[in-house]
Amino acid sequence: QDWDMEPPAVIGHAIVRRNHIDDAGVCGIAGVGVQSTLIESNLIEHIGDRDVELAWETGGIKLHLTKNCLLRGNVIRHTIHAEAIWLDYENSNTRVTGNIMGDNLETLRGGIYLEASHDPNMIDNNIIWRATEGAGGGSYNMPGHGGWGITVDGSDETTIAHNLIGLTQDAAVKFRNIEGRIVSGRGGTTRWNKVLDNIFYRCGKAIDFSNRDNAAEGNLYTKDWGEVRDETRG
C-alpha cells in the first residue's frame, strides 16, 4: 500500500475465495479502491499481534472505498488489536453477510467497523461473538475504548439486520458522529441507519445511538451484563 503510487488501470473486479490466512501481524486481506469484488469462504485467524492498531490499517479484512462489493461466508477469529472487518471511507453498495467473527480482543473498534460512508451499505446475517476494549494511547492521545460488535462511524443509510451479537464488552451496535470530518463535502452526522431483527446476547449495551435520526425495530434484547456509562468505560 502506497498512497503516492499511480493507480492501476483496473482496481478490484477480483474474487478472493477459500483461502486460509493465519498469523498475519497487521492485516489479513487489504485493498484500496476496491470495486465489484467478492471475498468469500475464507478462514482468517490470529491477526494483529504486532499491536499497531493506532496506525489505522489493521484488520482481518481492511478495505478502503469499496463499491459494489460482497463479503460473504468468511470466518474471522482470534484477532487482537485488529478489527475483524474494517470498511474505511466512502463505501457504497457493499454487503457484509453470513460471516462468523469471534474472539476480537483488545480492539479500539470491534467486530465490524464501517467508517465515513454516506451511501447505503448492508450488514446482515452475521455472528459476532466476544469483543473486548482496546487500551488506546499513541500520539493522538486516544483513550481506551471499543469492544463494540458493529461500529457505524460517521456513516449514513446502513441497514444492520438479522445479526447475532453476543458478549461484547461495550455496545453490540455503536453509532458515532464525526461532524468535524468532512467527507464528500459534509461531516459525518450518522443519520438514517436502521437496526432490524437482530439478537443481542449479554452485551455491555445493546444499541448506542448517537442521535435521534436512526431507528431500531424487531430486535431481541437479553439482559446486559455491563454497566457502560460512556464509550471510554467498557
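Strands are DSSP runs of E with at least two residues, numbered from the N terminus. This is a predicted model, in which local features need pLDDT of at least 70, side-chain atom pairs count only at pLDDT 80 or more, and totals for chains, interfaces and linings use all residues. Residues are numbered from 1 along each chain as its sequence is written, and side-chain values use heavy atoms, with hydrogens and water left out.

R130 lies in strand β14, which covers residues 127-133 and also holds I127. A116 sits in the loop between β12 and β13 (121-124). Both A116 and R130 have a positive phi although neither is glycine. Burial is given by relative accessible area: buried is under 20%, exposed over 50%, and partly exposed in between (1.4 Å probe, protein chains only).

| Residue | Relative accessible area | Class |
|---|---|---|
| A116 | 3% | buried |
| I127 | 32% | partly exposed |
| R130 | 38% | partly exposed |

Phi is near 50° in A116 and near 75° in R130.

The second largest pocket holds about 170 Å³ of space. Of its 14 lining residues, D88, R109, Y113, E115 and R181 are the closest to its centre. A pocket is an open set of points on a 1 Å grid over the protein atoms alone, where a 1.4 Å probe fits, with protein on both sides within 12 Å along at least five of seven lines; lining residues have an atom within 4 Å of a point. The volume is the space filled by probe spheres set on the points, which are joined across faces, edges and corners. Strands β9 (85-88), β12 (110-115) and β19 (178-183) each supply at least two lining residues.

Notes. Helix = DSSP H or I, 4+ residues; strand = E, 2+ residues; numbered from the N terminus.
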